[in-house]
Amino acid sequence: MRLLVTGGAGFIGANFCHYWHQRFPDGTLVVLDALTYAGNRASLQALEGVKGFRFVHGDINDRALVEKLLREGRLNVIVHFAAESHVDRSIHDPDAFLRTNILGTHSLLQAARSYWLEGPQGLISHRFHHISTDEVYGTLGPQDPAFREDTPYAPNSPYAASKAASDHLVRAYQHTYGLSTTTSNCSNNYGPFHFPEKLIPLVILNILHGRPLPIYGDGQQIRDWLFVEDHCQGIALILEQGKEGESYNIGGHNEWANLEIVRLICQLLDEAFAADATLAKQFPHAAPAQGKRSESLITYVQDRPGHDRRYAIDAVKIGGELGYAPQHSFAAGIRKTVDWYLQNRDWWQPLLGEAYAEWIQKQYVREPGGSRN
Ligand code: NAD
Ligand code: TYD
């Protein structure tokens with residue numbers, strides 16, 4: 001397989017590139033990434049200069065560029081991660097979500113169709129794998145069964161709606177034109193290289209800076225959390241064995257209320273500071289460096305509008321058909337993640353510039369208004 005990885009400088013895309021390179025050190029891996037605020041070439045540093053790896057700075061909406069990359073590299077697989085991915089940003093400013101997630105995916109599908117199905121060489125054996133999310137299925141009540149591949153779509157945020165639209169386009173290109181596609185819908189990922197606007201890295205860095213930990217609403221919203229490497233393993237299995245036209249749910253059987261996750265991270269950091277006195281010198285503003293418990297930073301703020309209450313994934317199909325099972329327990333994955341942020345300040349420090357501070361400020365000026373229950 002010769003891969004075009006879109007969004008490979010983002011959180012999951014970068015982890016996937018490392019995962020794939022470890023498995024196939026001589027493989028062809030071309031990353032196409034627009035380097036938005038969420039894209040970071042530093043996440044791919046270890047691959048720079050490696051034979052078969054190439055980084056291209058560009059937009060998935062640039063169809064001519066995509067066709068050129070497919071042709072030049074004789075690429076026969078697209079793994080499509082590129083997206084605007086943050087629900088809160090989609091509520092503030094949905095335009096970019098429609099442009100990248102819907103129009104960008106469509107542009108990519110057009111390029112793939114043109115080169116793989118209608119190019120001068122005739123039909124080329126290929127695969128287009130689309131990375132999607134469990135958020136397309138909407139929200140669950142406490143007793144509802146987990147999302148299955150045949151659960152009807154009911155996206156609630158502009159982000160989820162734009163991802164649902166892109167899933168439908170992928171499906172339509174397979175059904176109408178015979179493009180060989182697969183789609184995966186995964187639950188919330190966590191791990192290294194995660195941009196610190198999402199819950200887990202935000203909480204870790206806010207503790208290290210002594211800043212409030214914003215809990216939306218009552219903090220009882222439930223997410224299924226999967227260590228990012230386990231998501232990458234699922235994608236690799238689908239690339240190797242997935243059936244054309246099929247969708248696969250990927251999840252961790254690991255449901256947590258937000259407040260409990262935040263408390264767990266607080267506890268892990270308090271323990272880390274207690275065990276290693278040098279941390280207080282490196283992060284003097286951190287709550288535990290000031291003799292306070294990290295939990296004292298928890299701050300209830302107004303809820304996210306339209307906030308989905310619960311996501312849960314039924315991953316029986318990928319388990320049964322492709323033999324998928326996550327390799328990391330949550331206890332091991334979250335510890336690894338906290339340690340990674342403690343040890344990789346060089347990666348995250350440059351991200352905390354003016355634009356980031358402005359975004360974070362918007363979170364703090366949310367009216368206090370959540371409630372403990
Ligand atoms: P991310 O925001 O960290 O990264 C997105 C990447 O796409 C960035 O590198 C960005 O520069 C790039 N990009 C954005 N617009 C682009 C454009 N027009 N052209 C080219 N590149 C562009 O996102 P992520 O968390 O790594 O998510 C990757 C994919 O996985 C997304 O499709 C997302 O919907 C899906 N997903 C994410 C999660 C999660 O928990 N993060 C869970 C399930 C599914
Ligand atoms: P997030 O990481 O943004 O992922 P998603 O919205 O895609 O699930 O948020 C995870 C959960 O944490 C979600 O229920 C919103 C909540 N949350 C907070 O309570 N506080 C925060 O500061 C953030 C970023 C999220």
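The protein chain exposes about 15,800 Å², of which 50% is supplied by carbon and sulfur atoms. The model is a predicted one, and in it buried residues account for 55% of the 373 residues of the protein chain. The mean positions of its 34 positive and 41 negative charges lie 3 Å apart.

The protein chain contains 13 helices and twelve strands. Its radius of gyration is 21 Å, close to the 21 Å given by the globule rule for 373 residues, so the chain is as compact as a globular protein of that length. Along its principal axes, the C-alpha trace spans about 70 × 45 × 40 Å. Of the contacts between residues at least 6 apart in sequence, 82% join residues that are at least 24 apart.

Helix α8 comprises the 18 residues 258-275, which at 1.5 Å a residue should span 26 Å, and the distance of 26 Å between its end C-alpha atoms agrees with this expectation.

Leu237 lies in helix α7, which covers residues 228-241. With a relative accessible area of 13%, Leu237 falls under the 20% limit and is therefore buried. Leaving aside neighbours within four places in sequence, Leu237 is in contact with Gly242, Leu322, Gly323 and Tyr324. The C-alpha atoms of Leu237 and Phe330, which are 93 residues apart along the chain, are separated by 21 Å.

Definitions and conventions. Residues numbered from 1 in each chain as written. Chains lettered and ligands numbered in written order. Predicted model: local features only at pLDDT ≥ 70, side-chain atom pairs only at ≥ 80, totals over all residues. Heavy atoms only, no water. Helix = DSSP H or I, 4+ residues; strand = E, 2+ residues; numbered from the N terminus. Expected span 1.5 Å × (residues − 1). Buried < 20%, exposed > 50% of the residue type's maximum accessible area, 1.4 Å probe, protein only. Contact = heavy atoms within 4.5 Å. Rg over C-alpha atoms; globule rule 2.2 N^0.38 Å. Areas by Shrake-Rupley, 256 points an atom, 1.4 Å probe, with all protein chains shown as cover. Lys, Arg positive; Asp, Glu negative; His and termini not counted. Charge placed at Lys NZ, Arg CZ, Asp CG, Glu CD.
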